[in-house]
Amino acid sequence: MEISLKYLPGGRAAASGNMMAQSDLDLKETALKEDLKFYFMNPCEKYRARHQIPWKLALQILKILMVTTQLIFFGLSNQLVVSFKEENTVAFKHLFLKGYSGVDEDDYSCSIYTQQDAYDSIFYVINQYKQLKNISLGTLGYEHDGSGLKICKQQYKKGAMLPSNDTLNIDISTETECIVLKPQELASKKAELKLNSSFFNLEFYRLIQVEISFKLKGIALQTIHARELPDCYAFQNTITFNNRAHSGKIKIYFDSDTDIQECKDWHILGSVLQKNSQYILVFDGFVILSCLASLILCTRSIVLALRLQKRFVNFFLEKYKRHVCHADRLEFINGWYVLVIISDVMTIIGSILKMEIKAKNLTSYDVCSILLGTSTLFVWVGVIRYLGYFQTYNVLILTMQASLPKVLRFCCCAGMIYLGYTFCGWIVLGPYHEKFEDLNTVAECLFSLVNGDDMFATFAQIQQKSTLVWVFSRLYLYSFISLFIYMILSLFIALITDSYDTIKKYQQSGFPVTDLHEFLKDCGNVSYRKEQASMPSICCCRRRLSDDNLILIN
């Protein structure tokens, strides 16, 4: 005989408790579905649902314009710096290198082949340095900290060499001697004594290298035409006569390190330059404020998304007694927000450096360029996120997401073959082909061959001194080109094409349904706390309702 629970006091209480618990669970489920539905909406849908103004969208559009404008201004200023450095380096080579043709020979500037040429080239540098102010067209001057023209020679210790008798007796330990010729001493008898000393009696069979270094100062006046304050430059020039090979050919290297310094005392008539600098500093300040606001909003969104993820995981575990899969957890992590945060941090740091450079307190153009350039790249890549709200433009993002894991695994396998060809080409063809002289050049040459660039020149430049090596080079190049272009590159393209076909098929028949998608299926009738309102013209580009169930895109 069964007894109904409604006639038992304990049973009535238990049933009432279960109903209340079930009611609370239903309320939690409804609220969670509402928040999830709202979280995965685009800005236009959020405005229609709760009349919430898309502040982040408006701020990102404003930030794109401001960051791009800032980069253009900085690029124009940096272009003047780069051109000034390059033109001065060319001018120095023509001033101090005797017989310089205007074109560098391979990785060195020029070369000499006789002892007389070596002496003439060394004394030519000294003479040009002595009369620099009378011959130079630039705004150049000497360093006033006591430094001057420093000449150092490095050579082996005493020994004897008789090549005709195949005799060599030399101490391989090296010794270095240096002399300094100061600008104020060059016209005195003291400088003449130094120039006529035994220091310049070079024994070329022992000589390793001669290094001449000197420092010059210059001022870039061309920035005034761009309404910017001029920069002061310090040029550390080094001329190296390299005789390490002792092959009868001395290679001459010219190296110029440029350091931008703050001008200590300058007076420029007219206030246009100062006002222009102040306007740019104010604009940079607004860029920093906009990026800081974007950083705060995106960080807040990520924190709220992690809280919503935790609510969903706990509710799923409470109701269905199982854990949420890893893919559904990643749906809550908006990668675009992470990209925006990284871009904002780099823009803020780069803008601060730019303001210091503009105020002539810093001279680190390279660091500032890397930060501003990379941040602008990320900002424009982030524009793809808003195009992804439209199904037609969303194919690129989905294809990249689907093919990326396969492509990375494929590149790891192909990279092993590529490294093998790199090492093989370097060790075998290096002595006979200039494109295979070092590992970095070999890797660049093979990558060019994969892309079909400069193939005939690579085949033709192999030196036919060894028939065996020449035959090997043909087998090596033919096998590499055939393997990578006809097989590996085709498979690489096939992986991406396969992912694209899969995405197109999913868009027609529907994407695979996960727990999160299944949970949100029946929340189309969820009501929102604010009445839906008509969308202004900026958000008139709405998606079809049927597209919302295809896939969740962050």
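The model is predicted, so local features need pLDDT of at least 70 and side-chain atom pairs count only at pLDDT 80 or more, while totals for chains, interfaces and linings use all residues. Residues are numbered from 1 along each chain as its sequence is written, and side-chain values use heavy atoms, with hydrogens and water left out.

**Overall build**

- The protein has 16 helices and seven strands; helices (H or I, at least four residues) and strands (E, at least two) are DSSP runs, numbered from the N terminus.
- Of the 554 residues, 40% are buried; buried means under 20% relative accessible area, exposed over 50%, and partly exposed in between (1.4 Å probe, protein chains only).
- Accessible areas come from the Shrake-Rupley method with a 1.4 Å probe, and for residues only the protein chains shown count as cover.
- Among contacts (heavy atoms within 4.5 Å) with a separation of 6 or more, 72% join residues 24 or more positions apart.

**Salt bridges**

- The whole structure holds eight salt bridges, each defined as a side-chain nitrogen of Lys or Arg within 4 Å of a carboxyl oxygen of Asp or Glu.
- Arginine 206 and glutamate 175 pair up at 3.6 Å, N to O. This pair links distant parts of the chain, 31 residues apart: arginine 206 sits in the loop between α6 (189-195) and β5 (207-220), and glutamate 175 in strand β4 (residues 167-181).
- Arginine 206 is buried, at 3% relative accessible area, whereas glutamate 175 is partly exposed at 28%. A network of salt bridges links Glu175, Glu203 and Arg206.
- Lysine 354 and aspartate 284 meet at 3.0 Å, N to O. Lysine 354 belongs to helix α9 (residues 335-358) and aspartate 284 to helix α7 (residues 272-320), so the bridge ties together parts 70 residues apart in sequence. Both lysine 354 and aspartate 284 are buried.
- Aspartate 454 bridges to lysine 435, with the closest N and O atoms 2.5 Å apart.

**Surface patches**

- Patches are made of residues with over 30% relative accessible area and no salt bridge; like charges are joined within 9 Å, and nonpolar side chains (Val, Leu, Ile, Met, Phe, Trp, Tyr) within 5 Å.
- Met416, Ile417, Leu419, Phe423, Trp426, Ile427 and Leu439 make a nonpolar patch of about 660 Å². Helix α12 (residues 394-429) gives the largest share, six residues. Methionine 416, in helix α12, counts as exposed because its relative accessibility is 55%.
- Glu105, Asp106, Asp107, Glu434, Glu437, Asp438 and Glu444 form a negative patch. Here Asp and Glu count as negative and Lys and Arg as positive, with His and the chain ends not counted; a charge is placed at NZ of Lys, CZ of Arg, CG of Asp or CD of Glu.

**Two residues to look at**

- Threonine 240 lies in strand β6 (residues 231-242) and is buried, at 14% relative accessible area. Beyond its neighbours within four places in sequence, threonine 240 contacts Gln209, Val210, Glu211, Lys251, Ile252 and Tyr253.
- Lysine 56 lies in helix α3 and is partly exposed at 22% relative accessibility. Its C-alpha atom is separated by 10.0 Å from that of leucine 295, 239 residues apart along the chain.
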